[in-house]
Amino acid sequence: MRNIESIGAIGVTRSIEQVEKKRVQETVVQNSALAKKTILNSVSKDVKSYFLQHVSIDSISTAVINDNSHPLYLSDNQQDIRNVINVRQINDVRYINKYLCQINKYLPDAGILIGCVESTSNRKQKLFKGQISFWKRLYWLYCFIIHRVWPKVPNLKKLYFFLTKGKYRWLTIAEVLGRVVSCGFDIIEFKEIDGKVYFVVMKTHDPDHNMHPSYAPVFPMKRVGKNGKLIKVYKFRTMHPYSEYLQDYVIRLNGYNEVGKPANDFRLTRWGRFFRKYWLDELPQILNVLIGNMSIVGMRPLSQTRFNELPEDVKRMRVKFKPGCIPPYVALNMPDSENNIEAERIYMKAKKRSPFLTDVKYFFQAFYNIFSGKISSS
């Protein structure tokens, strides 16, 4: 009899627990709906419309947050979250990569993240709206040095974050999108609305925990060298940090320009365009020549992505030679994407017959074309 009473008591207890659990879940959903409504009231109709183009806001699988300290306080009671919308700008996050990796951890594969950034360009437009004065330019320079340069200088970085707690940082669109991709997401799209850039990304892979973003003025890039071996090619940095993670995206978006480089490349800095115009960004490749994995004249070192797109005959011939600082298309003035491949065929056939004289000839032809303004790097 006692055993029967015990079993009955256990059954009643479990029923009560199930009812309580259901009540708690309903409360969470109700509170979540109320929280969503409150948070979404802080954004414009255009921004809300943008959200609706990509996710269902009313769905319990969509979390809308306004918190940059811990993205998923929703982790325990909301296991079915598939979409996260953060209406607060990512500029105010102290540890951006850790924050994005945390969201990646909780989202399922193909989960959606929507966020925003007030980019450096957005802030410049806001500051220089109306009459441009000397004091505005001076204030712009001050803000750029403090909020853009300081966070990237090792000896000043700790002081900056101690003073600001990570808020107000100036970030470019390229850097933010590069960080997002490095943390396990693919870009669906991004759009400027109400003075901010909103981005929609999808979880597709695990974060790159061995990331080495290009912060330094001189940095190495992985390129295909002789025998197909990947080598580190040194260049002056002409792009925003984390741009290397956007290589495939930019190519898918815009393809290549007439000289075989990514077209309409928003990753380039203004001073970087100047460096590329006069080939100044290539100067550190002298280090590669001294190391011995590059020559003065030779095929332009390519990324694995670009190398894989070459015709099979060119790929087979290319790996027999070291890449060079001065590519054949410069000497032959054949810069467009198809002709520069043909220029490599012409060069490699000539070099096979007469290695030394071919390089000497192409060297002087290239310098003539560069200094006469017939051809530029970008």
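Guide: The face of α5 turned away from its buried side carries two exposed residues, Phe 134 and Arg 137. Here exposed means over 50% relative accessible area, buried means under 20%, and partly exposed is in between, with a 1.4 Å probe and protein chains only. This is a predicted model, in which local features need pLDDT of at least 70 and side-chain atom pairs count only at pLDDT 80 or more, while totals for chains, interfaces and linings use all residues. Residues are numbered from 1 along each chain as its sequence is written, and side-chain values use heavy atoms, with hydrogens and water left out.

Helix α5 covers residues 134-149, 16 residues in total. Helices (H or I, at least four residues) and strands (E, at least two) are DSSP runs numbered from the N terminus. From first C-alpha to last, α5 reaches 21 Å, close to the 22 Å expected at 1.5 Å a residue; the expected span is 1.5 Å times one less than the number of residues. Its buried residues are Trp 140, Cys 143, Ile 146, His 147 and Arg 148. Viewed down the axis of α5, these buried residues fall within an arc of 160°, so they line one face of the helix. That arc is taken from the directions from the helix axis to the C-beta atoms. The cover over the buried residues of α5 includes α4 (120-127), α6 (154-164) and α7 (173-182), where contact means heavy atoms within 4.5 Å.

Now the single residues. Asn 104 sits in helix α3 (residues 96-106) and is buried, at a relative accessible area of 3%. Leaving aside neighbours within four places in sequence, its contacts include Cys 183, Lys 203, His 205 and Asp 206. Asp 206 is 102 residues from Asn 104 in sequence, yet the two are 7.5 Å apart in space, C-alpha to C-alpha. The side chain of Asn 104 also reaches two backbone oxygens: that of Cys 183 at 3.2 Å and that of His 205 at 3.1 Å. A polar contact is a pair of N or O atoms within 3.5 Å; within protein, one must be able to donate a hydrogen and the other to accept it, and residues adjacent in sequence count only if both atoms are side-chain atoms.

Arg 237 lies in the loop between β7 (230-236) and α8 (247-254), and is buried, with a relative accessible area of 14%. A polar atom of its side chain lies 2.7 Å from the backbone oxygen of Met 239.
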